[in-house]
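Subject: Handover of a structure and summary of findings

Dear colleague,

I am passing the structure below to you for your review. Please look it over before reading the notes that come after it.

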Amino acid sequence: MTEIITALITGVCSVAGVIFTTSASNRKLQHQLEINQAVVNTKLENLTEEVRKHNNFTVRVPILEEQVSALNEEIRELKHKIEVLEHD
């Protein structure tokens with residue numbers, strides 16, 4: 001009978017130890033996951049901001065190209081006027 005009681009006490013202590021260890025490990029893992037999620041969220045926010053900047057740039061480039069083209073045309077017209085004035 002003593003052996004059974006000893007075995008039961010040993011079994012209960014073992015189960016309690018496993019539960020305690022698993023619980024502590026789970027808390028540690030949960031904390032690490034929260035830290036990793038915060039890092040991922042920060043990186044995602046930074047990437048989102050970079051994408052917004054890039055998208056704004058891609059919208060502005062065609063406008064700049066159009067303005068450069070108009071300025072080039074104006075320069076050509078002014079050069080032509082200068083040539084006409086120089087030859088008169």
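The notes below describe what was found, beginning with the overall form and ending with individual residues.

Please bear in mind that this is a predicted model.

Overall form

The protein chain contains 1 helix and 0 strands. The helix, α1, covers residues 2–87. Along the principal axes, the C-alpha atoms of the protein chain occupy a box of roughly 130 × 10 × 10 Å. The radius of gyration is 38 Å, whereas a compact globule of 88 residues would have a value near 12 Å. A pair of residues gives a sense of this scale: Lys28 and Ile9 are separated by 19 residues in sequence and by 28 Å in space, C-alpha to C-alpha.

Surface and charge

How much of the protein chain is made up of buried residues? The share is 0% of the 88 residues. The protein chain exposes about 8,300 Å², and carbon and sulfur atoms supply 64% of that area. As for charge, the protein chain carries 9 positive and 13 negative charges, and the mean positions of the two groups lie 10 Å apart.

A nonpolar patch

Met1, Ile4, Ile5, Leu8 and Ile9 form a nonpolar patch on the surface. Together these residues have about 550 Å² of accessible area. One of them, Ile5, belongs to helix α1. Ile5 is classed as partly exposed because its relative accessible area, 43%, falls between the limits of 20% and 50%.

The salt bridge

Side chains of opposite charge can pair when their charged atoms come close. In this model the count comes to 1 salt bridge. Which side chains form this salt bridge? They are those of Arg76 and Glu73, with a distance of 2.9 Å from N to O. The pair qualifies because this distance is within the 4 Å limit. Both residues lie in helix α1, 3 residues apart, which is about one turn of the helix. Arg76 is partly exposed, at 49% relative accessible area, and Glu73 is also partly exposed, at 35%.

An exposed lysine

Lys28 is likewise located in helix α1. Is Lys28 exposed or buried? Lys28 counts as exposed because its relative accessibility is 66%, and the cut-off for that class is over 50%.

With kind regards

Methods:
Residues numbered from 1 in each chain as written. Predicted model: local features only at pLDDT ≥ 70, side-chain atom pairs only at ≥ 80, totals over all residues. Heavy atoms only, no water. Helix = DSSP H or I, 4+ residues; strand = E, 2+ residues; numbered from the N terminus. Buried < 20%, exposed > 50% of the residue type's maximum accessible area, 1.4 Å probe, protein only. Rg over C-alpha atoms; globule rule 2.2 N^0.38 Å. Areas by Shrake-Rupley, 256 points an atom, 1.4 Å probe, with all protein chains shown as cover. Lys, Arg positive; Asp, Glu negative; His and termini not counted. Charge placed at Lys NZ, Arg CZ, Asp CG, Glu CD. Patch = residues over 30% accessible without salt bridge, like charges linked within 9 Å, V, L, I, M, F, W, Y side chains within 5 Å.
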